[in-house]
Amino acid sequence: MSRRSSRLAGIATLCTIGLALTACSGTVAPTPGASSTSAATAVTGGTLNMLGTGDVTYLDPNISYYSIDQIVLRMFSRALFTNPAVEGKTTTAAPDLATELPTTANGGISADGKTYTIKLRQGAKWDTTPARQVTAADVVRGVKRTCNPVQPFGGIPDFQDLIVGYASFCAGFAKVGPTAPEIAAYMDKTDLPGVVAKDDSTVSFVLTHPAAFFVDMLTMPCFSPAPVEINKYVPGSPDGATHTISDGPYKIDSYVATKSINLSRNPAWDAASDPIRKAYVDKIVINETLTQDSVQQQLETGTASADMEFDSFTPASQIPGLVAKGDKNLNIGPSSSSNPYVVFNTVSPNNNKALANVKVRQALSFAINRDNLIQVMGGPQLNQPLSQVLPPVIVGGESKFDLYPYNVAKAKSLLTEAGFPNGFSVKFLYRPTSANSLKGFQTIQQDLSKVGIKVVGVPSPSADFYSKYLTVPSVALRGVWDLSLAGWGADWYGNAALSFFNPLFSGKPSFPPVGSNFGLYDSAAANAAITAAVNAPTQDEAKTLWAAADKQVMADAPFFPITNPQQPDYHAAQVHNTIYVPSMQQFDPTNVWIDKDKQGG
Amino acid sequence: MSVDPTSLETLGEAEGVSSRGPDALEGKAIEGRSPWLLGWQRLRRDRVAMISLGIIVLIMLIAILAPLAAVVTGHQPNEQYRQTGLSPNGLPLGPTSHFWFGTDDLGRDILVRVAFGSRVSLLVGVVSTGIAVVIGVVVGLAAGFFGGIIDTVLARFIDVALTVPFLLVAIALVSITGPSLTITILVIGFFSWASVARIVRGQVLSLREREFVEAARSLGASDPRIMFVDILPNVLAPIIVYTTLLIPVVIVVEATLAYLGLGLPPPTADWGGMINDGQKYYTTAWWFIIFPGAALLMTTLAFNLFGDGVRDAFDPRSDQLLQ
Amino acid sequence: MNASDGPSTPGAVVLPPEVSTGDAPLLRLEHVSKAFPVQSSKLFTRGHEFVHAVDDVSLEVRPGETLGLVGETGCGKSTLARCIARLYDLTSGSINFAGTDISHLSRRQMRPLRSEIQMIFQDPYGSLNPRRRVGSIIGDPFAIHGIDSRTERKKKVQDLMERVGLNPEHYNRFPADFSGGQRQRIGTARALALRPRMVICDEPVSALDVSVQAQIINMLKDLQDDFGLTYIFISHDLSVVRHVSDRIAVMYLGHIVEVAPAAELFEKARHPYTRALLSALPVADPDAADNRERILLVGEIPSPTNPPSGCRFHTRCPKARADCVQTDPELETAFDDGVAHLTACLHPLAIDEDMSLSRPQIDDSEIAAAPDPGPSDSTGDTP
Ligand SMILES: Nc1ncnc2c1ncn2[C@@H]1O[C@H](COP(=O)(O)OP(=O)(O)OP(=O)(O)O)[C@@H](O)[C@H]1O
Ligand code: SF4
Ligand SMILES: [Mg+2]
């Protein structure tokens with residue numbers, strides 16, 4: 001899987017850990033978890049027991065790329081901006097370490113829209129002896145660490161051409177030796193012109209072009225500050241993971257990889273300096289050794305030793321039952337992903353390059369029944385239908401449209417127009433070990449047989465699926481596959497359309513292995529529409545331009561979106577103020593509180 | 001696998017004579033009762049083996065008549081009945097008068113798929129075992145009969161083949177070539193012969209020292225004739241026993257490969273694949289895993305029990321044979 | 001004839017023509033030896049040891065006669081038989097059958113000759129394939145040599161069955177359905193199928209009940225008359241051999257130690273070993289039995305892997321002398337014996353000599369060794 005789709009990889013990882021990949025998809029439908037706003041008064045104290053099935057990838061904000069990591073980062077590491085656990089605002093940016101959201105009006109954004117000046121909160125301190133104020137230099141260090149030569153951040157392509165000097169800084173960094181002193185030395189003596197500490201509490205970002213989405217992008221934890229002590233460890237090393245320094249409400253007392261993480265209150269943390277985290281509970285204990293089924297079982301019994309999920313999520317097979325019961329502890333929350341979608345290999349030489357013909361791709365889009373796919377993947381409850389590029393939580397995706405409602409007759413006539421009245425045979429690349437891939441393949445096989453298209457399966461081991469097939473353009477050019485199922489998720493929320501169009505549909509720059517435009521779709525009209533939207537000066541203009549780009553891409557039918565899967569999460573009855581935050585795909589653990597009588601365990 | 005032509009051919013004759021002869025009893029007395037016939041008579045008295053045989057025959061009938069199941073139910077094995085056989089949330093539906101065994105996670109009729117799945121299991125079970133037995137018998141015969149350097153080389157070869165972690169290699173091979181019926185059959189066949197070869201070699205080593213082999217030699221019989229006419233019929237019993245016991249092993253291996261996603265490419269119905277799909281629903285849709293699971297269990301159990309019976313009936317001394 | 005006629009060449013014993021029926025010998029063995037390599041249990045001698053099962057045997061068999069071959073178990077009788085039937089390759093020496101040297105013929109070249117020399121085996125159970133029907137077993141020679149069609153074959157097989165005293169209707173039975181004697185008849189029928197000139201009977205009756213033995217022997221005699229067969233009749237039992245044989249050869253540790261016309265051997269045994277064998281024979285008359293000398297052979301047969309030096313019998317021979325340890329005696333006439341009676345002994349027995357009075361007279365170490373074959377047995381050595 002390409003690095004850029006790693007958020008999605010995070011999802012996929014979760015899904016593989018749980019037995020049923022079905023559960024990776026979801027729907028926005030009813031949200032029984034209205035319990036999140038509880039009438040009772042919040043009480044502090046107690047231990048929050050989080051039950052999981054797997055481990056974080058890194059305990060390092062500048063490197064971590066997966067939603068599971070963000071759950072723990074939320075506890076011990078603060079970002080400049082983040083998505084707050086506030087109903088209705090969980091996908092918008094709010095200041096965390098920053099004092100306020102930068103705007104042109106408050107001088108945070110320069111007139112040319114290229115310089116962002118951010119002030120840091122006083123009172124935000126590292127858990128050092130003595131406690132030390134978080135500074136602008138820490139932020140610069142953090143950003144610099146993202147492209148360290150040992151374990152660089154997975155989402156770098158999102159901003160490497162956006163932040164002035166970042167690409168060349170990283171090019172130099174890549175040549176540095178893999179030891180902690182060499183890495184620290186390079187960061188100390190090399191400037192990153194696009195990220196500058198103006199004074200102790202002011203950091204400024206200089207961009208190559210105006211970007212209305214930049215503040216939303218800064219919610220990615222990779223822009224978090226890093227204390228100087230972190231220089232003692234090689235980034236991503238196990239040593240570094242057991243020597244974290246906290247500036248959040250909790251500090252990590254112990255971390256046993258793949259087993260457990262224990263956190264307790266950070267004495268250096270000052271609630272007054274943190275508008276994001278209420279930090280009701282005293283301790284957080286994360287158990288990483290359970291199974292999806294046993295997690296669910298324990299949470300439903302309501303014992304004090306089982307409060308909420310960590311990386312686990314409600315098994316798909318149980319959701320209909322819980323929904324029918326009206327179980328208030330279940331929450332089905334949105335994600336910002338398009339997963340899975342059918343990708344058409346637009347350069348396949350098979351059948352006289354049939355798939356290069358937009359009419360053929362449109363015909364296929366008419367012939368594939370989205371409802372069927374959604375049903376077999378778990379139903380609309382978990383799989384909100386998606387018929388365009390952008391899911392609704394992303395700026396530009398608010399208004400829905402569907403250019404290809406299921407229509408066999410239309411599909412047939414388009415095929416006839418394109419010169420294939422009798423259909424043809426296509427090769428469908430799929431992963432037999434992935435339930436959704438398997439179901440999608442078989443269902444599409446049946447749907448397409450109704451318009452005379454024979455679908456032949458090309459099975460691929462999961463490990464090879466991306467590395468040996470999808471991300472290798474020559475494989476697509478040879479026509480090894482015609483259709484496949486891939487997935488994509490945004491790296492951040494809100495104004496994040498770029499995070500879809502840039503890697504998936506922006507012509508040559510998006511071709512794999514750099515991008516994830518697996519079908520090698522390249523359309524001048526779409527490229528122009530995307531460039532226009534990228535350069536939109538305001539969020540409102542961005543919204544309109546992204547929606548236009550969406551229509552343009554969909555008209556070319558380079559892919560067939562299926563669903564914006566929803567995330568089902570479950571918590572024990574004693575847990576309150578459970579607010580689902582999409583970037584963590586989980587309730588925010590730093591804002592929940594536990595009933596007094598269930599605080600033990 | 002060649003059966004001693006003489007004994008089989010005259011087996012038919014024997015029945016003819018006894019009914020045709022002037023005195024049926026006399027005829028019987030004159031006719032020799034072949035070791036096969038004696039074995040069969042012993043087997044006939046083995047209740048468990050006979051029930052198992054009945055089940056095997058039944059499963060074979062099901063495999064042959066699988067299309068009939070599609071006709072009776074009106075359901076094609078690969079057709080997805082999303083309206084009638086799948087909940088809106090994509091969950092399988094339990095047994096009803098419409099879907100006797102319930103449906104799977106794509107709304108397909110499990111009864112029809114179990115019926116069609118038996119074809120794969122039996123085909124792979126029989127053909128792969130056939131390949132394994134043919135290779136094993138030829139290698140074992142050659143090693144045991146010729147001895148010397150041929151035996152040294154072949155015995156090494158057998159040892160190596162026996163120590164190969166079969167499932168791992170099979171998984172690796174199938175991942176490289178991609179799953180298909182032919183590959184599955186060949187891979188399993190080519191990896192199961194070694195134990196047959198070892199058994200045959202051991203038997204032939206002692207058989208070739210027997211006087212009747214010497215006698216055949218003194219009559220001027222050629223090596224191939226001695227191997228196939230004189231020695232082979234004497235190893236046939238252990239071969240048959242081992243074959244019956246190898247079939248269920250092969251069926252399970254095929255199911256395991258399918259379970260690991262390396263079986264026949266979907267949508268072909270395959271018990272191992274169905275069990276793999278069904279296990280995700282074991283808490284909510286028991287029928288999804290139970291029916292293909294029961295079919296697999298019953299088939300392997302029937303072959304195993306039948307194999308035990310065959311062993312007792314035809315080769316009473318071979319208890320140690322299969323370790 | 002007298003002793004001065006002597007053997008014509010040392011070692012190769014060729015009987016003068018006047019002793020024989022006048023025909024050329026059907027079979028002539030010259031210096032036939034067969035040694036089997038053995039896997040030694042000893043680490044350092046591995047692969048260097050041999051079992052000298054048959055050692056320098058020269059013999060002649062004339063057409064129509066029965067040559068008895070006797071000796072204790074393990075002395076190499078069966079090995080010699082298999083060498084003659086060319087089931088084994090010879091280590092050295094030559095075999096001439098009906099004027100043809102067959103000692104170096106390949107299996108393919110042997111094939112046409114197979115119909116001439118046949119064997120009847122000792123074990124009536126082991127020599128018949130338990131998985132095949134009797135008809136098919138007896139018909140095997142026809143099948144192998146491609147003689148006759150299936151239907152003709154069946155007729156011939158049934159004729160053969162009748163000829164050896166089996167019910168031809170039992171054509172379709174299996175060996176397990178027959179008694180030991182019947183099975184030996186089956187084996188005989190198979191051996192006779194191709195009308196051989198010579199049949200080697202390797203202990204054909206040893207495995208049978210005494211009552212049945214006579215039937216089989218009589219049958220073999222009848223068949224010999226009818227078909228003009230030449231027999232080599234092997235047995236460890238002298239009394240059986242006496243009944244059937246014209247001449248008898250006595251074997252000890254791979255060597256022929258005495259050969260003589262049957263009656264003469266019983267009357268004038270010259271070799272101490274032969275005499276010892278004879279003395280062990282049960283006699284019908286109890287008085288005679290009482291009067292008879294009893295010679296008990298001391299010790300076990302030495303191992304053929306490492307046979308004793310000189311006369312091989314010297315470790316057990318009551319008449320052994322110092323020269324017996326050094327010199328390996330040749331087969332030659334003793335005293336006034338006819339040329340048909342040859343003995344391989346340095347100190348042959350006179351006719352009325354009482355061997356039970358003899359004591360070995362070899363030096364102390366040899367005497368000590370005599371009762372116990374250990375020291376001469378290679379397994380007693382330390383590597
Ligand atoms: N194939 C063989 N390999 C090695 N040694 C053998 C083989 N066949 C026979 N011998 C040995 O050669 C010697 C002679 O054996 P042979 O069978 O010829 O004796 P025999 O006189 O026929 O004995 P018996 O009366 O028991 O049949 C014995 O010591 C035997 O162990
Ligand atoms: S040669 Fe000597 S040892 Fe040999 S048999 Fe004659 S007397 Fe005995
Ligand atoms: Mg013998």
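**Helix H9 of chain B and beyond**

Modeller: In helix H9 of chain B, residues 181-191, the buried positions are B:Thr184, B:Ile185, B:Val187, B:Ile188 and B:Gly189. Buried means under 20% relative accessible area, exposed over 50%, and partly exposed in between, with a 1.4 Å probe and protein chains only. Helices (H or I, at least four residues) and strands (E, at least two) are DSSP runs, numbered from the N terminus. An α-helix has 3.6 residues a turn, so residues three or four places apart point the same way. The buried residues of H9(B) pack against H6, helix H8 (166-177), helix H10 (193-207) and helix H12 (223-259) of chain B.

Some ground rules. This is a predicted model, in which local features need pLDDT of at least 70 and side-chain atom pairs count only at pLDDT 80 or more, while totals for chains, interfaces and linings use all residues. Residues are numbered from 1 along each chain as its sequence is written, chains are lettered from A and ligands numbered from 1 in the order in which they are written, and side-chain values use heavy atoms, with hydrogens and water left out.

B:Leu86 is found between helix H5 (66-73) and helix H6 (110-146) of chain B. B:Leu86 is buried, with a relative accessible area of 4%. Contact means heavy atoms within 4.5 Å. Leaving aside neighbours within four places in sequence, B:Leu86 is in contact with residues of chain A, A:Gln375 and A:Val376. Its contacts in chain B include B:Tyr81, B:Leu91, B:Pro92 and B:Asp105. B:Leu86 and B:Asp105 are 19 residues apart in sequence and 7.1 Å apart in space, C-alpha to C-alpha.

Now the cores. A nonpolar core is a set of buried Ala, Val, Leu, Ile, Met, Phe, Trp, Tyr and Cys residues joined through side-chain atoms within 4.5 Å. The largest has 125 residues, of which A:Phe159, A:Phe205, A:Phe223, A:Phe501 and A:Trp546 touch the most other members. A second, separate core of 78 residues includes B:Val213, B:Tyr242, B:Ile251 and B:Ala295. Back in chain A, A:Phe223 is in contact with A:Phe159 and A:Phe205, among others beyond four places in sequence.

Confidence matters here. pLDDT is the predictor's confidence in each residue, from 0 to 100. The mean pLDDT of chain A is 87, and 93% of its residues reach 70 or more. Over residues 1-38 of chain A, pLDDT stays under 50.

Last, chain C. It has 12 helices and 11 strands. Of its 383 residues, 55% count as buried.
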